[in-house]
Amino acid sequence: MAARALREVGRRRGWAAEVGRRCFSGGSAGAAVAEPKEGGAGGGKAVNLFTAVNQALHIALDTDPRAYVFGEDVGFGGVFRCTTELADRFGKNRVFNTPLCEQGIAGFAIGLAAMGNRAIAEIQFADYIFPAFDQIVNEAAKFRYRSGNEFNCGGLTIRTPYGAVGHGGHYHSQSPESFFCHVPGLKVVIPRSPREAKGLLLASIRDPNPVVFFEPKWLYRLAVEEVPEEDYMLPLSQAEVIRKGSDITLIGWGAQLAVLKEACEDAAKDGVSCELIDLKTLIPWDKETVEASVKKTGKLLASHEAPITGGFGAEIAASIAERCFQRLEAPVARVCGLDTPFPLVYEPFYMPTKNKEMHQCKRRQAQARSTGQGSIRCDGPQFTRGTWFPALGPQRHHVAHSSSGRNRRARAAQHHRTPDIDRR
């Protein structure tokens, strides 16, 4: 029913589809697109995060007549005011409300992008993106692959606010980013601040791949900084070292960066030098920057609001353990949300706080100092740091010289006989 309503909306508005190969890499055939700047100059006007998102949407619609913004309540500005004044300036043909049907919104956006347009869809809360999961994962992510690159929906960007807000409870506080990080064909981007939000959102809208863009709603009004007013983009899949350190690497994204910054400052008072990395893009993520940092510090802590089991921190831990095993001085630490539904009253206990992160930093420092006591420490020309792994016990090798397999097994059993166990 809702999908039929969305199709009817498209027919009434009379969108002209760009046909042919419908390629969407860089700039496809059709209307001219203004060339944006990379990075963005310093300075600008101090704005909060939702205003920075609003600026990015204004620029996207202004520089490309193929761009459309739609979703639940976006016509009057949205519940977080990110789409304020867009309909007044660009018209209700390009900025409009949709039925309350996330699956229909995503399906409509995929079709619009497949025809050569830039579809900027809003899911009002990330908690409600799951009805659209099939469309995003089985259609958008595989569109290019299943057609042998003949068709694609690379002009698709799905914006959605995620994470805790202090009073959202279990239906308005979730962080579902890791669900989409398991899907080849998608990009997942999460900004930490207003300047990052504007530059990364414009880069996501113009990227030739479908992007799921998570916005930290906790920071919509709380985070304020100077944001360049001009059109600029920040590179995707490029992490940023926002604080240099030598003792331990801390990594996060989105709203969690503010918590990690506080943990770094408190740790510095206790003599622990923390290097802080903002991942920005979760898929594909910048392994090289993280790897270089961990090889320097020898320790890693990953932190996110999502539950710890199956969270993206587990992927980071596994990758770094594989790439940096000989440089790690302690096991990779994860400070994350709990494996429970997101609570309301008990939200402070659920959240990965700076105190939890401080505890893990100190614990990893203690483990690193004890390396060599009950562990093997690899110090040689190829190792600049100690390697942490459990000490190996004495190895006993037994060789039976009988040609009889039965005798070999009997002799081995004699050597490896275990004491009797009281099974009462």
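The structure is a predicted model, in which local features need pLDDT of at least 70 and side-chain atom pairs count only at pLDDT 80 or more, while totals for chains, interfaces and linings use all residues. Residues are numbered from 1 along each chain as its sequence is written, and side-chain values use heavy atoms, with hydrogens and water left out.

We begin with the sheet. Strands of a sheet pair through backbone hydrogen bonds, either parallel or antiparallel. Here seven strands form an open sheet in the order 4-3-5-6-8-7-14, with mixed pairing; strands are DSSP runs (E, at least two residues), as helices are (H or I, at least four), numbered from the N terminus, and two strands pair if DSSP finds at least two bridges between them. Strand 4 (95–97) and strand 14 (281–283) each have a single partner strand, so one side of each is left without a neighbour in the sheet. Within the sheet, strand 6 (residues 156–162) and strand 8 (residues 211–216) run parallel and are joined by six bridges, and Pro161 has Glu215 in strand 8 as its bridge partner.

We turn next to the aromatic rings. The structure holds 15 aromatic pairs, where rings of Phe, Tyr and Trp (its six-membered ring) pair if their centres lie within 6.5 Å, and planes under 30 degrees apart count as stacked, over 60 as edge-to-face and the rest as tilted. Phe133 and Phe180 have ring centres 5.3 Å apart and planes at 55°, so the pair is tilted. Because Phe133 lies in helix 5 (residues 133–140) and Phe180 in helix 7 (residues 177–181), the pair ties together parts that are 47 residues apart in sequence.
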